[in-house]
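Please read them alongside the coordinates.

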Amino acid sequence: MKSKQILVALATLFLVVSCKTSPFTGKKTLNAYSNETIFPMAFQQYNQFLEENTVVRGTAEAQMVQRVGNNIAKAAERYMTALGYPNYLDDYRWEYNLVQDEAVNAFCMPGGKIVVYTGILPVAQSETGLAMILGHELAHALANHGAQRMTAQQGQQIVGAAGGIALGDSRAGQLFNQYYGVASTVGGILPFSRSHESQADEIGTIIAAIAGYDPYEAPKLWERMKAQGGSAPSELLSTHPSPDTRIQALQQIAPRAAAEAKKFGVTSFK
């Protein structure tokens, strides 16, 4: 009995001490990993990824990725300073690489390591479209979404183990073990991931606007993404909001982003 109580107490302690305050919402978020812990791991994985894939260098498209990436990163520094976090990005090491791959994809690892696949450039269509993509990916890094997802998955495992041990071989314990994984994923992990995507859409569009890129391009980009087609799970079972949900949200975000950019002296857009 004592060991069960200890495990439950440890699970509770994990959830409590893993909370950090988001600079964007002022609310507590689950994050058990410091920059000092997660950034070196991310940098190593990023370098390994580049070694295993074909990096496009010197072309007009590769130069565009570098240029837009630098513009977005500078805007992020201005934005974080305005939010009252002037040293927030000191540990970030921004890097932007174009990789030869037909997948319609881009990603940003913790600490600011960004990859753009050549397959997404036709959907971006322009430097402004690319800015919306890079703003979104960079926002994931700013909001520490990678560390939060790792923390949530670790917490899911700890709570599951604690619940299973606490309930033991009882009927309740058997039901818990049978349904906890699915219920915690559909009711917890997936909505958590969808909220990250929505937050990155908002933060990324604002930062892109501060960098001088037209925020009204963001919903148009997602209209083009939607037109790519392909099968996808229902939003309830997906890590991402549906394209229609994102388009509607971005249509509302765009004027707010333009108003925010105006505070930084940006009154016209590319």
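1. The model is predicted. Its open sheet is built from 4 strands in the order E3-E4-E6-E5, with mixed pairing. Strand E3 (55-56) and strand E5 (106-109) are the edge strands, each pairing on one side only.

2. Within this sheet, strand E4 (residues 95-99) runs parallel to strand E6 (residues 113-117), and the two are joined over 5 bridges. In this pairing, Asn97 is placed opposite Val115 of E6.

3. Helix H5 (residues 127-142) lies across E5 and E6, at about 30° to E5. Thr128 belongs to helix H5. With a relative accessible area of 10%, Thr128 falls under the 20% cut-off and is therefore buried. Apart from neighbours within four places in sequence, the contacts of Thr128 are Tyr213, Asp214, Glu217 and Lys270.

4. Does the length of helix H2 (residues 35-52) agree with what its residue count predicts, or disagree? At 1.5 Å a residue, its 18 residues should span 26 Å, and the end C-alpha atoms are 25 Å apart, so the two values agree.

5. Which residues of H2 are buried? They are Asn35, Ile38, Phe39, Ala42, Phe43, Tyr46, Phe49 and Leu50.

How values were computed
Residues numbered from 1 in each chain as written. Predicted model: local features only at pLDDT ≥ 70, side-chain atom pairs only at ≥ 80, totals over all residues. Heavy atoms only, no water. Pairing = 2+ DSSP bridges. Contact = heavy atoms within 4.5 Å. Axes fitted to C-alpha atoms, helices over the stretch in contact; angles between N-to-C directions. Expected span 1.5 Å × (residues − 1). Buried < 20%, exposed > 50% of the residue type's maximum accessible area, 1.4 Å probe, protein only.
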